[in-house]
Amino acid sequence: MPEAPVRPDLGGLHIDAHKRSARKAGGRITIVLLVVVAALVIVGGVYAYMRQTPSVQVATADAPETGPTALLNASGYVTPQRRATVAAKITGRVTGVFFTEGMRVNKGFVLATLDDSDVQKALASAKADRNATQASILDLQVQLKNSQIELHRAEALRAAGVQTQEALDNATMAADSLRAKIEYTQQQVLAADARIKEAQQAVDNCVISAPFNGIIVSKDAQLGEMVSPISAGGGFTRTGIATIVDMASNEIEVDVNENYIARVKPKQDVTAVLDAYPDWKIPCHVRTIIPTADRQKATVEVRVAFDKLDPRILPDMGVKVTFHGDEEKQGGKAPAGVMVPQNAVRDDSDQKIVFLVSGDHIERRAVKVGANNGTQTQILAGLAAGDTVVVGGPTNLKDGEAVSIKR
């Protein structure tokens, strides 16, 4: 008889209740630890954020320089007296461009050339007509020489009574006619020379040259484009070749309110500060006051010349100018107060304040503000020379707040 199959005993596979409870307890402890660590990280981050000090930029209050008093401040732009957009006198296609932006050129430098094939043919035709007309003069001169011989012969025969008066008159008329033809032909040669000059001028118009010494600031046409002195071609035709600026003619153009124009005089000393170089004070003087006012803006245009030009001074740069008074009227006294950058002064409830840096904290200080001088502001009261003030940083700074100085 076959033996009965042995069934496996599954009772030994059960998990002990004590081990099961221990494993569950370990999982709960791990979860709790993870939650605690995450909470500590979040609390630490919030604490670090709350303890973070704002970063500020600072400047030192300086004693004002002695000298003439600032009577008036104005803003304007650097403008050259000589600036030209060079254009062609005729309509044509550009066949050559010989400059780049920023290139310094002298008067007469060839900037570009236009297609001159048609005008060259017209010039050659005019020269051929002149040469043909001039050649006919030689034939007329030969005929005149023969006519004069016949005239002398006719005069001799008439004097001898051999020939009639009519024959003498005909010989005289023939000689005079040839002289007139020669003179007429010579005038035709002069007319042909004039046509040659006209054709040559058309050829010369195909060459565009610099009208004065300067620097190329704009390249307005490219090789192969059509150019014209007038706008044509539905916007596909250029009206200029290049823009040239004479850097030696740079000056400052400012608009002064007509209520204060009486404070401005020719040759008056002026200090200019370019927006690009706020720490550079440029000595200048008033060149001229344009004798007319702008009724819409109620301003008068004033031209200010630089005492000495500098390559850093470029056209269309923004500039702030200060018109100075007479130094002798000040009696040699230094202006009161100190000077700080304009962005150090803040408005707080209709009051001018600054933040004074003391150690690693700031102090709110109410000040009395005087006149502006370029990018500087005069502080009449509230600060002393050498004080450190905030010139850049958050707008919500508070009195006594800890800060870090940005270097």
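V369 is found in strand β20, where a strand is a DSSP run of E of at least two residues, numbered from the N terminus. The structure you are looking at is a predicted model, in which local features need pLDDT of at least 70 and side-chain atom pairs count only at pLDDT 80 or more, while totals for chains, interfaces and linings use all residues. Residues are numbered from 1 along each chain as its sequence is written, and side-chain values use heavy atoms, with hydrogens and water left out.

Let us stay with V369 for a moment. Is V369 buried or exposed, or something in between? With a relative accessible area of 30%, V369 is partly exposed, because buried means under 20% relative accessible area, exposed means over 50%, and partly exposed lies in between (1.4 Å probe, protein chains only). Leaving aside neighbours within four places in sequence, V369 is in contact with V345, K352, T377, Q378, I379 and L380; contact here means heavy atoms within 4.5 Å.

K352, one of those contacts of V369, lies in strand β18, which covers residues 352-358. K352 is also partly exposed, as its relative accessible area is 36%. Not counting residues up to four places away in sequence, K352 touches V345, R346, D347, R365, A366, V367 and V369. Which side chain makes a polar contact with the side chain of K352? The partner is the side chain of D347, at 2.7 Å. A polar contact is a pair of N or O atoms within 3.5 Å; within protein, one must be able to donate a hydrogen and the other to accept it, and residues adjacent in sequence count only if both atoms are side-chain atoms.

| Pair | Apart in sequence | Apart in space |
|---|---|---|
| K352 and V367 | 15 residues | 5.8 Å |
| V369 and K352 | 17 residues | 7.3 Å |

Now back to the sheet that holds β20. Three strands form an open sheet in the order β16-β21-β20, with antiparallel pairing; two strands pair if DSSP finds at least two bridges between them. The edge strands, β16 (338-341) and β20 (368-373), each pair on one side only. From one strand to the next, the twist averages 35 degrees, with axes taken as lines fitted to C-alpha atoms and angles running from 0 to 180 degrees between N-to-C directions. β20 and strand β21 (residues 376-381) run antiparallel and are joined by four bridges. Within this pairing, K368 has A381 in β21 as its bridge partner.

Another strand to visit is β10 (residues 242-245). A242 and I244 point one way from β10, T243 and V245 point the other way, and all are buried. In a regular strand the side chains alternate between the two faces of the sheet. Four bridges join β10 to strand β3 (residues 83-86), and the two run antiparallel. Strand β8 (residues 214-219) also pairs with β10 in the antiparallel sense, over four bridges. A242 in β10 stands opposite V86 and opposite K219.

What about cysteines? C206 is buried, with a relative accessible area of 1%, and C284 is buried at 2%. The count of disulfides, defined as pairs of cysteine sulfur atoms within 2.5 Å, comes to zero.

Finally, a word on confidence. The mean pLDDT of the protein chain is 83, and 85% of its residues reach 70 or more; pLDDT is the predictor's confidence in each residue, from 0 to 100. Over residues 328-332 the pLDDT is below 50, and this stretch has two contacts in the model beyond near neighbours in sequence.
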